Amino acid sequence: MNRLASAFPADRAALVAFVTAGDPSPAVTPAILDALVAGGADVIELGMPFTDPMADGPAIQAANIRSLGAGTATADILTIATDFRARHADVPLVLMGYANPMLRRGAQWFATAAAEAGVDGVICVDVPPEEDGALGPALRDAGLDFIRLATPTTDAARLPAVLDAASGFVYYVSVAGITGLQQAVQTSIDEAVGRLKAATDLPIAVGFGVRTPEQAAAIARVADGVVVGSAIVEIVGTHGEAAAPHVTEYVRSLRAAIDQSRKQA
Amino acid sequence: MNAPNSFRTQPPEQANSLRQQPDERGHFGAYGGRYVAETLMPLVLDLEREYRAAKADPAFQAQFDDLLEHYVGRPSPLYFAERLTEALRDGAEPGMGAEVWFKRDELNHTGAHKINNCVGQILLAMRMGKTRIIAETGAGQHGVATATVCARFGLPCVVYMGARDIERQQPNVFRMKLLGAEVRPVTSGAATLKDAMNEGLRDWVANVHDTFYLIGTAAGPHPYPELVRDFQSVIGREARAQMLARTGRLPDLLVAAIGGGSNAIGLFHPFLDDADVAMLGVEAAGHGLDREHAASLNGGAPGVLHGNKTYLLQDDDGQITEGHSISAGLDYPGIGPEHAWLNDIGRVEYTAITDTEALDAFQLVCRTEGIIPALEPSHAIAAVAKRARTMRADQIILANMCGRGDKDIFTVATALGVEM
């Protein structure tokens with residue numbers, strides 16, 4: 001069983017934690033990743049900074065600017081991944097970002113480099129199923145999961161296209177909007193997760209706007225995973241190089257709430 | 001009756017036509033496509049369906065034609081720039097120095113070609129039942145054109161504009177406000193056009209249920225590059241018919257400035273299958289191609305941004321770099337995907353003109369023709385000036401005068417060191 005599949009056991013909702021690579025600097029990111037693991041994150045989403053993060057809200061936009069301002073290069077991100085894999089043999093690591101930095105040297109180059117760095121999967125915001133050919137085949141050839149996104153606007157007619165060739169898990173973006181701002185109504189999440197589960201055996205992780213332990217717990221009752229990003233990125237933004245202990249503390253609070261919620265279910 | 005403006009009026013289809021792009025998935029060769037977040041994808045597919053239906057609907061067509069004629073003021077004149085032609089012949093070899101003609105889209109309502117596309121898209125928005133319009137703008141020309149059609153049809157309008165551009169383009173900001181639009185400053189990134197486009201996409205993704213994104217150039221996710229081209233192709237169709245009527249022949253060379261490339265594709269597209277008509281797209285070389293510029297084809301590389309694959313200004317890691325041009329309308333790090341394709345297949349030649357060369361051409365047109373051109377077509381005219389002398393006197397260059405220069409007089413004054 002690969003690392004990603006093991007991260008979503010039937011009896012426990014996974015906590016998927018996002019941070020932007022190189023924020024506040026490439027040298028600090030390893031400590032922040034360790035802090036996520038120490039707090040109980042099951043899957044690490046490592047954001048690849050981009051100058052034009054069109055789907056992101058203010059928190060992650062600011063993180064991208066901090067990271068690029070610190071000089072973070074693609075090579076740094078791959079080094080961060082390689083070193084993470086050396087320290088954490090079993091924790092799944094997913095790269096998340098936009099198409100252009102992934103395609104710059106060719107999809108094949110990126111897929112091979114990511115696989116060699118110990119990355120398990122890739123989420124690309126602006127490569128929808130219609131453009132799968134730009135990135136999907138290269139990732140699959142390299143043995144990486146290409147994690148697909150479903151959203152509130154993904155209707156029944158379109159869902160099969162989204163799920164076709166999806167692997168790893170399905171990331172349900174619970175609000176039509178950008179990262180970190182609104183939170184979705186829980187009933188709409190329940191309904192959407194039900195719809196997705198009827199259509200696929202892949203684990204369903206729910207994210208966008210998840211910020212409090214209570215929200216995480218509510219999602220954990222119905223979904224296989226909870227994705228938290230902007231709230232963690234804001235802690236990094238506030239505490240900078242000293243963020244690690246604060247990150248651990250926050251992630252631990254999410255972990256506890258998620259575990260509690262599943263026990264009640 | 002089919003008006004000459006009709007964007008469906010096509011010559012008979014021919015084999016191996018260059019005018020049948022994009023394919024059904026929105027690809028122009030390797031370029032274009034629909035590189036958008038999943039949230040937008042269903043909407044983009046809806047837009048495509050609705051556009052196909054509109055294209056086939058005579059009522060939509062009739063309304064578009066009527067507005068272009070009576071509201072925009074089309075057809076725009078085709079004009080022989082006699083004194084400019086003579087000025088460029090001065091110093092040329094005997095018998096050399098092509099005739100220079102202008103397609104005068106600067107005479108349109110709102111002063112540029114932008115309005116052609118805005119009329120088409122707002123009709124489409126209303127057809128789709130959308131009740132709110134958003135747009136991005138750099139220099140403010142597309143923002144003004146969008147605010148104009150929104151006022152005309154009574155739809156609320158939000159225009160995203162980089163905070164830096166707002167400072168540089170105060171008159172256009174005030175125009176948009178007079179027209180009832182809300183201008184939202186964008187402070188992210190470099191606070192210019194590409195950041196305004198990012199913010200437009202963020203708004204759209206959060207308001208997909210009621211909002212139509214009125215994109216200003218022939219770029220973005222499919223079907224935008226196609227539909228903007230179709231709406232702008234009125235320029236080339238008119239010019240082709242006018243040139244045949246006036247001279248009995250087609251021009252030898254078409255020249256147009258390129259930021260995103262909508263005025264250029266609008267002029268070029270109806271001529272693409274006329275093998276004897278050469279075409280020259282003119283990018284902004286800014287301070288020079290070895291320094292800061294906005295020439296995506298001449299100084300960029302293929303990549304993915306704002307929903308399409310095309311040539312981009314970017315670094316080795318795929319981070320987008322800032323464009324620079326004295327013309328805010330050319331100051332964009334990408335280019336429409338159809339131009340990327342036309343470049344690769346060699347059908348259109350793309351060159352670049354510096355700020356200084358454009359300023360010289362600006363002044364030349366002012367003095368020889370009594371026309372104050374915008375800085376965008378001043379780039380085209382600068383390229384014309386270089387080419388005309390290398391062509392025979394019986395040859396014809398047709399340049400797109402895509403905008404008037406009233407908006408640019410402060411920029412030009414500053415560049416020339418004149419206190420106003």
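Domain bounds, as used on this tour, come from an automatic or database domain assignment. With that in mind, select chain B and colour its two parts: domain 1 covers 27–50 + 114–221, and domain 2 covers 72–111 + 229–416. Residues are numbered from 1 along each chain as its sequence is written, and chains are lettered from A and ligands numbered from 1 in the order in which they are written. The model is a predicted one, in which local features need pLDDT of at least 70 and side-chain atom pairs count only at pLDDT 80 or more, while totals for chains, interfaces and linings use all residues.

Between the domains, 36 residues of domain 1 of chain B are in contact with 36 residues of domain 2 of chain B, where contact means that the C-beta atoms of two residues, placed from the backbone, lie within 7 Å.

On the domain 1 side, select strand S2 (31–35) and helix H4 (114–127) of chain B, which are among the elements that each supply at least two residues. H4(B) gives the most, with 6 residues. Helices (H or I, at least four residues) and strands (E, at least two) are DSSP runs, numbered from the N terminus.

Finally, turn to the contact between the chains, which takes 32 residues from chain A and 28 residues from chain B. On the chain A side, select helix H3 (58–69), helix H5 (99–103) and strand S6 (148–150), the elements that give two or more residues; H5(A) gives the most, with 4 residues.
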